[in-house]
Amino acid sequence: YLTARDGDIPSVLNSLDQLAYNISTRVNALNNSGTDLNGTEGTGTNASGVTGNGTTALDLFNEPTQVAGSAAAMSVTMTDPSQIAAASLGAGTGDNANAIAMANLANDLFVGVQASSNFSVTQNLSSTAATGSTATSSVQLVDSFGNTHPATITYTNLGGNSWSYTMALADTLTANTSVSGQVSYTFGTGETVDPSTNLTITGVNSLGAAVQTTAPAVTAGEAVGSAGPPATGYVAALQSAISAAGMVGVTVSSSNGVLTISGATSTSGSVVADAAASSNASGTLTFNASGQLTSPASNVTGISFSGLSDGAAALSLNWQLYNSSGGSNVTQTAAASAQTASSQDGVSSGATPTNFYSNLVTNLGATVSEVQTENTAQTASVTQLQTQNNALSTVNLNDEAAAMQILETSYQAASQVFTLLNTVMASALNLGVQTAVA
């Protein structure tokens with residue numbers, strides 16, 4: 001009973017929550033990346049990188065905010081079937097591409113994918129480093145869709161055996177080239193351009209000769225911006241680089257977080273975004289004279305990143321500053337600052353909804369069968385023990401009858417002794433004269 005209550009039942013409930021969460025979020029995301037029968041576009045981004053202009057989400061299910069409790073809370077919220085976005089964005093109401101994409105979810109391996117929740121890095125910070133110097137460590141983290149994101153932790157020496165830390169999550173965007181002559185990069189809600197972006201654009205000048213320009217360095221937290229006029233953000237930086245190179249016929253625009261470069265011969269490199277929002281991703285580390293971490297005194301919890309471009313659920317993370325034996329994973333010694341190891345518990349494997357549910361039912365049936373077999377065996381053991389106990393504690397009538405006969409004979413013998421004593425005492429009292437004694 002205790003195993004079922006504390007292990008088996010919670011495991012089944014967690015699996016049902018995972019199934020409900022993944023189906024709800026993926027179906028909602030797909031329906032929001034299309035156009036419904038009324039011509040209304042959703043608020044999401046389709047596979048081509050095009051974002052709908054809708055102001056209200058076309059959700060089929062109530063949108064869960066976390067995996068836990070999703071199965072119990074899951075319900076259909078759409079009341080008008082004409083809101084099913086069967087058509088792709090911009091394809092007209094006669095299109096059925098988005099409906100086909102939703103049907104194909106049955107074959108997608110998207111259920112059971114686990115996002116990273118715990119991570120650790122083994123890092124030494126140099127105690128001889130100058131105040132204001134920095135060191136970095138990195139770890140790959142997995143989101144709820146199984147996509148990996150490199151996270152970087154930057155440590156800054158504050159002096160006095162203290163270092164500040166800031167954690168940043170890079171979101172490498174997928175280049176969309178489905179439209180001839182242009183390439184687009186879709187940023188997640190509120191994301192900014194990461195300094196690791198290294199985009200190179202090739203085109204032609206007014207003489208028809210090939211020219212190439214490398215986009216200027218990105219300022220940390222730089223916005224995507226707009227084409228203006230006046231142009232702002234990263235868009236302005238790209239336009240300035242293109243003009244300086246004498247490139248003609250190449251334009252840069254941004255709409256609803258989609259950065260589009262049109263007219264270029266080719267582009268190379270990568271565009272990287274910073275996760276839109278983070279919480280609890282910065283703080284201070286303090287060490288004692290031996291280089292062991294003293295503050296924080298426990299692992300850092302509640303770190304989160306949201307707004308990933310692939311639409312994955314917000315990453316909620318715990319930084320394991322201490323190992324299982326209580327030792328600190330981050331230390332401060334005279335050795336050079338260096339990272340020697342990292343780990344995270346995210347897995348990117350998944351299953352189709354049908355296979356996931358089939359495995360769930362199969363495992364549940366096997367567990368029930370095993371419990372029934374164990375219960376039968378344990379019941380038989382209890383019965384056997386009770387039989388043995390009764391054999392030891394039950395009265396044996398034969399033994400008791402023999403004992404009673406022995407006691408009866410002993411009583412008779414004792415009575416004869418008292419009779420003899422009575423006679424002897426009577427003779428003594430009458431001085432040997434045989435006289436009846438009353």
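Which residues of the largest nonpolar core touch the most other members? That is where I would like to start this morning, with the reminder that what we are looking at is a predicted model.

The core in question has 29 residues, and the ones that touch the most other members are L141, Y155, M167 and W319. If you follow the strands on the structure, you will find that β3 (118-126), β4 (134-142), β5 (148-159), β6 (162-172), β16 (282-287), β18 (300-306) and β19 (315-319) each contribute at least two residues to this core, and that β6 gives the largest share, with four residues. As general background, nonpolar side chains in soluble globular proteins tend to be buried together.

Let me stay with L141 for a moment. Leaving aside residues up to four places away in sequence, L141 touches a list of partners that includes F119, A151, M167, L169, L315 and L317, and the list also holds S116, N147, T148, H149 and Q344. One of these partners, M167, is itself among the residues that touch the most other members of the core. Apart from this core lies another, made of 23 residues, and among them are Y234, L238, V271 and A273.

Now to the helix α1, where I would like to set two residues side by side. N28 is found in helix α1, and N28 counts as buried because its relative accessibility is 1%, under the 20% limit. The side chain of N28 comes to 2.9 Å from the backbone nitrogen of L60, and, again not counting residues up to four places away in sequence, N28 touches L58, D59, L60, F61, N62 and E63. I9 also lies in helix α1, but I9 has a relative accessibility of 48% and therefore counts as partly exposed.

As for phi, N161 has a value near 65°, which is positive in a residue other than glycine. N161 belongs to the loop between β5 and β6, and since its relative accessibility is 33%, N161 counts as partly exposed. N280 also has a positive phi, near 60°, and N280 too is a residue other than glycine. You can find N280 in the loop between β15 (277-279) and β16, and at 42% relative accessibility N280 counts as partly exposed.

Methods. Residues numbered from 1 in each chain as written. Predicted model: local features only at pLDDT ≥ 70, side-chain atom pairs only at ≥ 80, totals over all residues. Heavy atoms only, no water. Buried < 20%, exposed > 50% of the residue type's maximum accessible area, 1.4 Å probe, protein only. Polar contact = N/O pair within 3.5 Å; in protein donor to acceptor, adjacent residues only side chain to side chain. Contact = heavy atoms within 4.5 Å. Core = buried A, V, L, I, M, F, W, Y, C linked by side-chain atoms within 4.5 Å.
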